[in-house]
Amino acid sequence: MKDFAAIDFETANREASSVCSVGVVVVRHGEVADRIYRLIRPVPEYYSRFHTQVHGLTLQDTAEAPPFPEVWRDIAPRIAGLTLVAHNSPFDEGCLRAVFAAYGLPYPGYVFRCTCRASRRFFGRSLPNHRLATVAARCGFDLTHHHHALADAEACAHIARLVLPDPLT
């Protein structure tokens with residue numbers, strides 16, 4: 001793919017609406033054009049021990065962070081008209097839909113593509129699994145900071161350029 005926005009959310013707890021950070025990598029003409037990382041005050045505003053163990057974020061990290069609508073006002077124009085790409089896109093699309101609903105906002109109908117599904121088609125059984133870190137390594141990307149939203153979005157963008165065909169071709 002040549003033009004898209006890779007996106008990754010981290011959540012504070014098991015509620016899909018509890019996005020606490022977002023990473024976005026905008027790719028235009030096959031090159032990274034923009035990188036965005038934001039902390040978000042989650043809804044509901046509590047952290048489970050499990051989620052903190054995964055990504056390292058706590059209530060103290062996001063206590064002064066802006067709410068989702070404020071963060072998204074900055075991101076939306078930067079990704080306008082682009083397909084969103086995520087590794088395991090049902091999770092990230094679910095988070096986006098849930099947080100829009102939590103704030104009573106109309107969902108803009110973003111189109112998502114999934115690098116996990118594409119990896120299964122592209123690599124088949126040549127990989128032991130199709131987790132983000134495994135696929136990133138196979139694609140030559142060093143995902144040192146896995147579960148940091150921007151690092152995961154960067155890995156996803158790298159993978160997408162290799163395994164997702166351009167929808168117009």
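Predicted model: local features only at pLDDT ≥ 70, side-chain atom pairs only at ≥ 80, totals over all residues.

Residues are numbered from 1 along each chain as its sequence is written, and side-chain values use heavy atoms, with hydrogens and water left out.

**Exercise 1. The overall fold**

Task: describe the secondary structure of the protein chain, then judge its radius of gyration against that of a compact globule.

Solution: 
- Step 1. Helices (H or I, at least four residues) and strands (E, at least two) are DSSP runs, numbered from the N terminus. The protein chain has seven helices and five strands.
- Step 2. Along the sequence these elements follow the order β-β-β-α-α-α-β-α-β-α-α-α.
- Step 3. The globule rule is 2.2 Å times the number of residues to the power 0.38, and the radius of gyration is taken over C-alpha atoms. For 169 residues a compact globule would come out near 15 Å, and the protein chain agrees because its value is 15 Å.
- Step 4. The C-alpha trace spans about 40 × 35 × 25 Å along its principal axes.
- Step 5. Take contact to mean heavy atoms within 4.5 Å. Among contacts with a separation of 6 or more, 63% join residues 24 or more positions apart.

**Exercise 2. The largest pocket**

Task: find which residues are closest to the centre of the largest pocket and which element gives the largest share of its lining.

Solution: 
- Step 1. On a 1 Å grid over the protein atoms alone, a pocket is an open set of points where a 1.4 Å probe fits, with protein on both sides within 12 Å along at least five of seven lines; lining residues have an atom within 4 Å of a point. Grid points are joined across faces, edges and corners, and the volume is the space filled by probe spheres set on the points.
- Step 2. The largest pocket holds about 480 Å³. Its lining has 24 residues, and Asp8, His87, Asn88, His146 and His147 are the closest to the centre.
- Step 3. β1 gives the largest share of the lining, with five residues. Other elements supplying at least two residues include α4 (89-102) and α7 (149-163).

**Exercise 3. A loop serine and a cis bond**

Task: work out which residues Ser17 touches and where the cis peptide bond lies.

Solution: 
- Step 1. Ser17 sits in the loop between β1 and β2 (19-28), and its relative accessible area of 12% makes Ser17 buried.
- Step 2. Leaving out residues up to four places away in sequence, Ser17 touches Val43, Pro44, Ala98, Val99 and Ala102.
- Step 3. Val43 and Pro44 are joined by a cis peptide bond, with omega about 0°. Pro44 belongs to the loop between β3 (31-39) and α1.

Key. Buried < 20%, exposed > 50% of the residue type's maximum accessible area, 1.4 Å probe, protein only.
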